[in-house]
Amino acid sequence: MATIKKSNKKKIIIPICIVLVIALIAGAVFAVSANNKVVAVSLSEIKTGEIVEDINATGKISSGASKEFKAGTVAQCKDVYVKVGDTVKKGDKLATFSTDELDSEIASLQASYSDSSNAYYSALNTQAENAKKLRAVNRQIKALEKKVAKQQKKKAAATTTKKTTSKKASTTKASTTKRRSITSTSTTIKANSSNTPKNDSPINIPDTSDISSDLEKAVKALQDLSDTISKLSDDITTTNAITREVMNRIAKELDSGDYSPQAIADAAGKAMSDAIKSGLIDETKLIVESGVAVQMVESAVRAVNWKAIGSSIANSDNATLASAELQLSALYAQRELFSIGASGTTLNAQKQAMNATKSALDKLKKSQQQLQAGWVSTIDGVVTECSVKSGEQTSALETGIKVENLDKMAVTISLGEYDVHKVSVGMKANITTAYGKYTGEIISIAPTATGSSNSSMLDSVGSMAGVSGLSSLTEKGAGVECVVSVDDPDENIIAGFEASVEIKTGTYSDIPTVPIESIVLEKDGSYVYLYDEATETVTKTKIEVGAHSDFAYEVKSGLKIGDKIVATPGQDYEEESFKVKVK
């Protein structure tokens, strides 16, 4: 009987099938999961359209013409002829004042102005004088610096020569000693003969080692002297005059060869006293008494050991150099002070003081003239403010009386930087209040903005929504004031209340437009998500926009007719470009 073997193929096929089924199921699950991650979007197509552009803003109603009367200073009010609510005509007297108390204030300010004016023009002359003397001192310094450099070069050459001579003398002495050690007795006897000097006298070379130290002390003393002089007066002109006289006298004494500390101190003191007596130094500008000032200068000059310096100079083979260096130190001190006096720092400060005093004087005189004439209305209108009272003093800060012409009304709005360039004087406007609608036109636009200009983003958002000047509503917002007149105002237009203003700035037809809700606004511009049908992806794309309405924006660049974009892009897109599923 034949034997039948069982096949293992069936056992192998079954597991393979199971694996394939699991793979198919996993693939399907993955495909479904991947499909679920694709963003589903609705698209809008770029087409041509019409945009009627307008600007909407809210402002405060006020009278079209008003006049405020302010005292500008403290004065006595004599009579007040009106009260809040009174109707006045142009030329009506409103109030009168007594200005007797202002006379003394004006006289005091006039005296202050005269003093500051004299001080300024004196400083102006002094500045020119100091500049002239500074040029002269610089010429002296230049000449003396050349002289010092020449002497220093000569001194260096002399030092080199001495070193060479000393070296040769040492070599000769050593050679002679060697020869003497090997010479005969007869040579020694010859050396002691009457023809040879018994005692060789050494060459007397002046010791100059202390001269440099003495000169450094002299320079330090001159600096201390300058400090002492600067403490005698707060007036730079006076300080310069003292320094000039004292330093010149010291220089003369050094040139004469008199290095006595007492003599130089006396000479400097006498020079300063003579300058005070002759008026070269203004005694009234000294912080201390003139005699004390002279004593302080003499004491500072006497503190220098001129005698020791003079002795060093006298024993030096470089006396000319030492004397020149001392004179140069004195000239450097003069140059420093002349430089300060010749600069415009002090002059500018005195000019500002003079101008400030003049401005205050003119303002007070103008206020006095206005108060003497009394307040007279310059327009027809109604008194809306009155804070002055008969017999009482005025306030320099508050408005005394305000008259407004309520027959002419206006609304003041604020325009942001994205909208101010779209409007112009004469443009028509629609005005809406809680009680009615009115027409009007722009009558003025301020030349500058008020507030900060760091709110462009906020204004751009507002501009897209058709609302102007959003940033001006914040604490730091910038805005340009625009005044819109109200045609035919009635009793429902009340000053102080708010009104909405709509200004039509233009109509644009047959232009590419994009829905406002399709735009993503960022700090650096406007973006949309542009759809690519071939790859089924969208890409964040920057566009340039122009005119706008409540619903759409003009596309100037970045898109073309027929392009498709995401209709309402989400705020949580993490990628610049990604795959989408179109609904």
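Let's start with lysine 422 and aspartate 419, whose side chains meet in a salt bridge at 3.6 Å, N to O. By salt bridge I mean a side-chain nitrogen of Lys or Arg within 4 Å of a carboxyl oxygen of Asp or Glu. Before going on, a word on the source: this is a predicted model, where local features need pLDDT of at least 70 and side-chain atom pairs count only at pLDDT 80 or more, while totals for chains, interfaces and linings use all residues. Residues are numbered from 1 along each chain as its sequence is written, and side-chain values use heavy atoms, with hydrogens and water left out.

Back to our pair. Is aspartate 419 buried or exposed? Aspartate 419 is buried, because its relative accessible area is 3%. Lysine 422, at 23%, is partly exposed. The cut-offs are under 20% relative accessible area for buried, over 50% for exposed, and partly exposed in between, with a 1.4 Å probe and protein chains only.

How many salt bridges does the rule give? The count comes to 11. Another one joins glutamate 441 to lysine 428, with the closest N and O atoms 3.0 Å apart. That pair links distant parts of the chain: glutamate 441 sits in strand S11 (residues 436-445) and lysine 428 in strand S10 (residues 428-433), 13 residues apart. Strands here are DSSP runs of E, at least two residues, and helices are runs of H or I, at least four, both numbered from the N terminus. Lysine 428 counts as exposed at 56% relative accessibility, and glutamate 441 as partly exposed at 27%.

Then there is lysine 540 with glutamate 522, at 2.5 Å, N to O. Lysine 540 is buried at 17%, while glutamate 522 is partly exposed at 27%.

Now to the aromatic rings. Rings of Phe, Tyr and Trp (its six-membered ring) pair if their centres lie within 6.5 Å; planes under 30 degrees apart are stacked, over 60 edge-to-face, and the rest tilted. That gives 5 aromatic pairs. Take tyrosine 529 and phenylalanine 578: their centres are 6.1 Å apart and their planes at 55°, so the pair is tilted. Tyrosine 529 is in strand S15 (residues 525-532) and phenylalanine 578 in strand S19 (residues 577-582), 49 residues apart. Both of these residues are buried. Elsewhere, ring pairs link Phe69, Phe97 and Trp375 into a cluster.
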